[in-house]
Amino acid sequence: MENIKKIILWTLGTVFIAVAVFGIMWGITSLSTMLKPSNESVEFPDLSKNIQAITNIKNDIKDKVSTDTEKDENGNTNILLVGISGEDYISGNLADTIILTTLNRENNKANMFSIPRDLWVKDPDGNFQKINEFYKIGGGTEEPDIKASGPIIQKVEEVTGQKIHYTAIVSLSGIEKFVDIIGGIETEEGKVNGEQALMYIRDRSKPGGDFDRMARQQKLLMDIFDKIEEEPIIDSENPEEVLGILTTLSGYFDTNIGIAKMITLDEDIRNLDTEDVGLYTITPAQDNLLYSDYTDLNGQEIYTLHPTAGYEDYSEIHDFIANIVTNSKE
């Protein structure tokens, strides 16, 4: 039974940590129809009857298909997390969270680079607007939709100079539900429940504004990761109850990672230590990479951020990130 509890724990943790940070998920009820490899013969048992089936599926697929993930010349697998506000929130189809994560499987190190939502960039039609509009530009709605991620993937690649291998779209509203499921978490501001955690990562009223919020989003993910590493959070022995929770959470994200790749990335996540995850925010305070300004948009002055090197000149940002990810392979 202890092994089953661990499976439950890591399945839940993967949904909003491994998915949220690295775009991984496996073990939801709809695996049998959603994730079955189209060109491989894999027998899917009835998950609603036996939680152990999750592990059986994982091992069966691992034996029959390649689980190798894409990686760059530095050995990094690069995953883009796009967090949208979601339903029942103003501008629910805008990207409030944009994080590029690089995962190096050779040395179990990772880096997270948060890109500010107010970055003023050129869209596919040649017009300038904030980068947080690019999920919407792709047809994104308040519901996570990986099919709408094309424009924001392309722009983040331009800004960072890094090839994105996989992407996850996550509704931040799901963070609230997940934090409540695991019984709250400890943050630098004390223990918080789901509602408080959501406020913690959305609040821009503090002196640091959006820049501090970007850092808090990264810290919250690390706090959750630490908790599911250290505590036996899920005690339920009822597979239907657990899978019901997973089904509920599955509505809060979408990803283009196939089940075989998820298996490999899931195992890589378990080998990570939060002390080996570098946290970076692309801001004016970070090596003077950006500067702030007010830009006229249809007669209204809006707050915007621009590369110090010049409009659409991301060379300094490229160098900053490249230096970090290159050294991470050592």
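Colleague: How do I read relative accessibility, and as what does Lys219 count?

Modeller: Buried means under 20% relative accessible area, exposed means over 50%, and partly exposed is in between, with a 1.4 Å probe and protein chains only. Lys219 has 35% relative accessibility, so it counts as partly exposed. This is a predicted model, in which local features need pLDDT of at least 70 and side-chain atom pairs count only at pLDDT 80 or more, while totals for chains, interfaces and linings use all residues. Residues are numbered from 1 along each chain as its sequence is written, and side-chain values use heavy atoms, leaving out hydrogens and water.

Colleague: With which residue does Lys219 form a salt bridge?

Modeller: Side chains of opposite charge can pair when their charged atoms come close. The term salt bridge needs a side-chain nitrogen of Lys or Arg within 4 Å of a carboxyl oxygen of Asp or Glu. Here Lys219 pairs with Glu188, with 3.3 Å between the closest N and O atoms. Glu188 sits in the loop between strands E7 (185-187) and E8 (190-192), and Lys219 in helix H8 (residues 209-230), so the two are distant parts of the chain, 31 residues apart. Helices (H or I, at least four residues) and strands (E, at least two) are DSSP runs numbered from the N terminus. Glu188, at 51% relative accessibility, counts as exposed.

Colleague: How many salt bridges does a search of the whole structure find?

Modeller: The search finds 8 salt bridges. One of them joins Asp96 and Arg117, whose closest N and O atoms are 3.0 Å apart. Asp96 belongs to strand E2 (residues 95-104) and Arg117 to the loop between strands E3 (109-114) and E4 (120-122), so the pair ties together parts 21 residues apart in sequence. Asp96 and Arg117 are both buried. They also belong to a salt-bridge network with Asp118 and Lys130. Another salt bridge is between Lys163 and Glu157, at 3.9 Å from N to O; Glu157 is partly exposed, at 23% relative accessibility.

Colleague: Which residues does Gln218 touch?

Modeller: Contact means heavy atoms within 4.5 Å. Leaving out residues up to four places away in sequence, Gln218 touches Ile99, Met112, Phe113, Ser114, Leu279, Tyr280 and Thr281. Gln218 is in helix H8 and is buried, at 2% relative accessibility. A polar atom of the Gln218 side chain lies 2.9 Å from the backbone oxygen of Tyr280.

Colleague: How many aromatic pairs does the search of the whole structure find?

Modeller: A pair of aromatic rings is described by the distance of the centres and the angle of the planes. Rings of Phe, Tyr and Trp (its six-membered ring) pair if their centres lie within 6.5 Å; planes under 30 degrees apart count as stacked, over 60 as edge-to-face and the rest as tilted. The search finds 4 aromatic pairs. Phe113 and Tyr280 are stacked, at 5.3 Å centre to centre and 15 degrees between the planes. This pair links strand E3 to strand E10 (residues 277-281), 167 residues apart. Phe113 is buried at 0% relative accessibility, and Tyr280 is partly exposed at 25%. The rings of Phe128 and Tyr311 have centres 5.4 Å apart and planes at 55 degrees, so that pair is tilted. Phe113 and Tyr280 form one aromatic cluster with Phe320.

Technical notes. A polar contact is a pair of N or O atoms within 3.5 Å; within protein, one must be able to donate a hydrogen and the other to accept it, and residues adjacent in sequence count only if both atoms are side-chain atoms.
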